[in-house]
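Hi,

Here is the structure I promised to pass on.

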Amino acid sequence: MKREISFRVNGAEATAVAGGGDRLIDVLREGLGLTGTKEGCGEGECGACTVIVDGRAVNACLYPAAEIDGREVTTVEGLTGPDSTLGPIQRAFVECGAVQCGFCTPGMIMSTKALLDGNPDPSDEEVRDALLGNLCRCTGYVQIVEAVRRAAVAGRDR
Amino acid sequence: MIRCEYHCPRALGEALGLKAAVPGARVIAGGTDLMVRLRSRELAPAALISLRRIPELAGVREEQGGARIGAATTFTDLLDDPVVARDYPVLARAAARVGSRQIRNAGTVGGNLANASPCADSALPLLALGARVRLERSGGSRELPLDDFFLGPGATALAEDEILTAVILPPPDIGARALFLKKGRVKMDLAVASVAVLLSMDGPVCRKVRVAAGSVGPVPLRLREVEALLEGAAPTPERTARAAEVAMRCVAPITDVRSTADYRRHIVGVYLRRALESLLGREAA
Ligand SMILES: Cc1cc2nc3c(=O)[nH]c(=O)nc-3n(C[C@H](O)[C@H](O)[C@H](O)COP(=O)(O)OP(=O)(O)OC[C@H]3O[C@@H](n4cnc5c(N)ncnc54)[C@H](O)[C@@H]3O)c2cc1C
Ligand code: FES
Ligand code: FES
């Protein structure tokens with residue numbers, strides 16, 4: 001029932017064994033040890049599991065593992081710079097106090113990455129819309145929107 | 001989580017062949033409805049047949065003056081599509097209100113309809129636009145009005161060996177305008193109630209009216225009695241108020257975790273009137 005699939009994660013080749021019903025989040029966390037991606041609700045509501053597949057933000061808890069065969073996946077681990085320094089979006093979140101317990105942060109950052117890749121200068125409304133599927137129980141969102149704005153400016157200045 | 005085969009066919013014929021050959025197999029498009037139900041073991045299909053890599057099922061193209069929307073077109077693709085934006089903007093408006101960005105990136109129009117929830121956001125504008133659905137099986141195909149596709153909550157006209165392959169939209173009605181209004185508890189939510197209205201005027205009278213309402217019955221509903229009340233008549237404020245009363249009487253909402261029957265009924269009346277007045281360029285009283 002299971003078969004081997006091969007794909008790219010954060011630029012590197014990877015393989016896994018997956019059958020129907022298996023989820024991408026389990027391949028990432030259990031199979032590959034990429035535990036940056038979190039599981040909150042497991043039902044598509046909270047966004048903690050957000051990763052980017054072929055350029056689009058998706059919920060890894062709803063994404064069939066077998067479907068990533070031949071595709072390109074980016075997780076929060078893929079956003080760090082050389083020597084594991086923080087990437088610009090990660091740095092903006094830290095600098096703006098947009099992280100408290102941090103559980104929602106990887107998902108927030110991946111939604112931000114997908115947004116800014118397609119729209120380097122989003123309005124506050126566009127930011128809020130892009131993050132609608134990412135819940136935070138701690139910060140109250142103001143600092144998060146601020147962090148996205150700062151990351152956008154940092155991205156454009158580069 | 002269930003254990004079963006996951007098939008990734010690359011052509012529609014292959015998918016239809018699998019659907020016919022494997023009893024109990026289920027198709028999976030975006031998985032945004034199905035994956036939750038697999039995990040809870042509510043469903044245990046014999047196999048999953050993915051529709052994600054079938055070129056025939058993806059995207060929108062113009063066809064016979066109208067449009068053909070492949071069943072596996074995601075809401076994000078719908079939102080980016082120039083034909084939809086130009087000819088069927090009400091559909092884009094509804095697509096924009098589905099779930100979150102992540103859900104729209106995966107969820108498809110075909111999955112939304114096949115799932116047959118009374119709250120399916122795409123169903124309302126599609127009913128108002130007069131959409132038809134194309135159902136195909138190995139060696140055969142048929143088309144029916146979307147009105148006849150929904151049979152009950154989670155139940156559709158799809159036979160065991162059929163796949164919903166496309167939504168067919170008639171040529172855009174020149175002069176008609178349409179609106180979709182959705183009430184959720186918060187912005188990202190399934191509809192507590194929703195209304196889609198299409199209106200075309202002929203001088204002072206309504207030439208054509210289509211009204212659909214969501215989350216207020218076992219399936220997404222066409223409110224034909226409301227349409228009949230308005231068509232051929234001048235839409236005076238008195239008449240739109242009367243239309244709202246009729247709409248509230250026609251629907252059959254239930255009370256559940258999301259809302260009460262009374263509130264849903266109320267919203268249908270308010271939103272119908274608001275949509276009509278707005279399409280007429282007036283302020284809702
Ligand atoms: C967090 C969250 C928020 C949501 N918000 C909304 C919302 O605001 N509005 C809304 O309407 N929905 C919402 N949904 C529900 C869901 O995302 C949509 O119904 C979506 O369109 C389903 O499409 P899919 O491609 O993911 O379907 P899948 O999950 O792949 O399939 C759904 C069902 O349809 C069948 N199916 C799929 N495609 C076909 C086909 N072509 N032919 C035959 N059968 C088929 C499958 O076998 C399955 O039974 C939400 C879901 C989640 C998890
Ligand atoms: S864990 Fe995937 S959305 Fe909550
Ligand atoms: S920082 Fe705790 S959930 Fe967002």
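With a relative accessibility of 39%, Leu86(A) counts as partly exposed, because buried means under 20% relative accessible area, exposed over 50%, and partly exposed in between (1.4 Å probe, protein chains only). Together with Val94(A) and Val99(A), Leu86(A) forms a nonpolar surface patch of about 230 Å² accessible area. Patches are made of residues with over 30% relative accessible area and no salt bridge, like charges being joined within 9 Å and nonpolar side chains (Val, Leu, Ile, Met, Phe, Trp, Tyr) within 5 Å. The areas come from the Shrake-Rupley method with a 1.4 Å probe, and for residues only the protein chains shown count as cover.

Before the rest, some bookkeeping: this is a predicted model, where local features need pLDDT of at least 70 and side-chain atom pairs count only at pLDDT 80 or more, while totals for chains, interfaces and linings use all residues. Residues are numbered from 1 along each chain as its sequence is written, chains are lettered from A and ligands numbered from 1 in the order in which they are written, and side-chain values use heavy atoms, with hydrogens and water left out.

Now the interface. Chain A and chain B bury about 2,700 Å² between them, 50% of it on carbon and sulfur atoms; buried area is the accessible area (1.4 Å probe) that two parts lose on being put together, summed over both. Met1(A), Arg56(A) and Leu62(A) supply 22% of what chain A buries against chain B, more than any other three residues. In terms of contact (heavy atoms within 4.5 Å), 35 residues of chain A meet 31 residues of chain B.

Six salt bridges are counted between chain A and chain B, a salt bridge being a side-chain nitrogen of Lys or Arg within 4 Å of a carboxyl oxygen of Asp or Glu. Glu39(A) and Arg39(B) are joined in a salt bridge, at 3.9 Å from N to O. On chain A, β4 (56-59), α3 (105-118) and α4 (124-130) each supply at least two residues of the side that touches chain B, and β4(A) gives the most to that side, with four residues.

Over all chains, the structure holds 39 salt bridges. In chain A, Glu72(A) and Arg8(A) pair up at 3.7 Å, N to O. That pair links distant parts of the chain, with Glu72(A) in strand β5 and Arg8(A) in strand β1 (residues 3-9), 64 residues apart.

Chain B has a salt-bridge network that links Asp147(B), Arg210(B), Arg222(B), Arg224(B), Glu227(B) and Glu231(B). Within this group, Arg210(B) and Glu231(B) meet at 2.9 Å, N to O, and Glu227(B) and Arg222(B) meet at 2.7 Å, N to O. Glu227(B) is buried, at 4% relative accessible area, whereas Glu231(B) is partly exposed at 31%.

Lastly, Asn115(B) lies in the loop between α7 (109-114) and α8 (123-128) of chain B. Leaving aside residues up to four places away in sequence, Asn115(B) touches Asp33(B), Arg37(B) and Gly154(B).

Best wishes
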